Amino acid sequence: MTPTVRIQAADFDAATEVAALTEGRSDIGAVVTFTGLCRDEGGRLAALELEHYPGMAEAEVARVVEEARARWPLSGAAVIHRFGLIRPGQNIVLVITASSHRRAAFEAAEFLMDYLKTRAPFWKREHRADGTTGAWVEATRADDAAAERWT
Amino acid sequence: MKLVYFAWVRERIGKTDEEVEPPVAVATVADLVRWLKERGEEYAYAFENEAVVRAAIDRRHVKPDAAIAGAREIAFFPPMTGG
């Protein structure tokens, strides 16, 4: 399999990506998709601005996908991560994992998200509903702990 | 070598990238940070908490003790918040 890794400003469609991943395949028994969306934090946020490190973002996500493939018997994988200004309700990240059986697909999808959060070079900044530009979002200890549980 | 900065590290230093030629005694990422901090208060501000700022050499994450010899591009940035 050749994993799909895309870093893009444009939106994505999860159903289209799943269809592309499973087309013509008869060995896949489980597909897990995770979509991360921008939320408005109770009306406080107008948008999230996502900055990324072009070149490294693609390379690092690809390395994380390779780690997932080494740990679980995946039949397919896709990661799409957006950058730029993203408004509440819009998509930020898509992870798709496919395998013969569900456990590998579920676990690999969780692993990918946990590792993307702490290793993919993206940074979020808040744009507030009152029109001001807010602070850079701080990394959380919970995200570090989520990634560490796989080691 | 080229240095590139992201997010609040970029904002504090006030530039996205620059070419530098540190002296040969600057051997590791940690050495480079100390050398940069002496170049001006914007660098001292960006690296005021050295343990927080992360680094990558040629687009791979590295630790502060990583050797910088032969590096083409070194990046400094805050802990990542993607996903």
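This is a predicted model: local features need pLDDT of at least 70, side-chain atom pairs count only at pLDDT 80 or more; totals for chains, interfaces and linings use all residues.

Two residues count as being in contact if their C-beta atoms, placed from the backbone, lie within 7 Å. Keep that in mind for chain B: among its contacts between residues at least 6 apart in sequence, 53% join residues at least 24 apart.

**Chain B as a whole**

- Chain B is built from three helices and five strands.
- Read from the N terminus, its elements go β-α-β-α-α-β-β-β.
- With a radius of gyration of 12 Å, close to the 12 Å that the globule rule gives for 83 residues, chain B is as compact as a globular protein of that length.
- As for burial, 31% of the 83 residues in chain B are buried.

**A spot to look at: B:V52**

- You'll find B:V52 in the loop between α3 (41-46) and β3 (54-57) of chain B.
- Setting aside neighbours within four places in sequence, B:V52 is in contact with B:P78 and B:P79.
- B:A27 sits 25 residues from B:V52 along the chain, and the C-alpha atoms of the two are separated by 20 Å.

**Helix α3 of chain A**

- This helix covers residues 102-119 of chain A, which makes 18 residues.
- From first C-alpha to last, α3(A) reaches 25 Å, close to the 26 Å expected at 1.5 Å a residue.
- Its buried residues include A:A104, A:A105, A:A108, A:A109, A:F111 and A:L112, and A:D114 and A:K117 are among them too.
- What covers those buried residues? The cover includes β2 (30-37), α2 (56-71), β4 (74-82), β6 (91-99) and α4 (141-148) of chain A.

**Where the two chains meet**

- Across the interface, 22 residues of chain A are in contact with 14 residues of chain B.
- On the chain A side, the elements giving two or more residues are β3 (45-52), α2, α3 and β7 (122-128).
- Which element gives the most to that side? That would be α3(A), with five residues.
- By type, the chain A residues that touch chain B divide into 14 nonpolar, four polar and four charged.

Conventions
Residues are numbered from 1 along each chain as its sequence is written. Chains are lettered from A and ligands numbered from 1 in the order in which they are written. Helices (H or I, at least four residues) and strands (E, at least two) are DSSP runs, numbered from the N terminus. The radius of gyration is taken over C-alpha atoms; the globule rule is 2.2 Å times the number of residues to the power 0.38. A residue is buried if 20 or more other C-beta atoms lie within 10 Å of its own, exposed if 12 or fewer, and partly exposed in between; C-beta atoms are placed from the backbone. The expected span of a helix is 1.5 Å times one less than its number of residues. Ala, Val, Leu, Ile, Met, Phe, Trp, Tyr, Cys and Pro count as nonpolar, Asp, Glu, Lys and Arg as charged, and the others, Gly among them, as polar.
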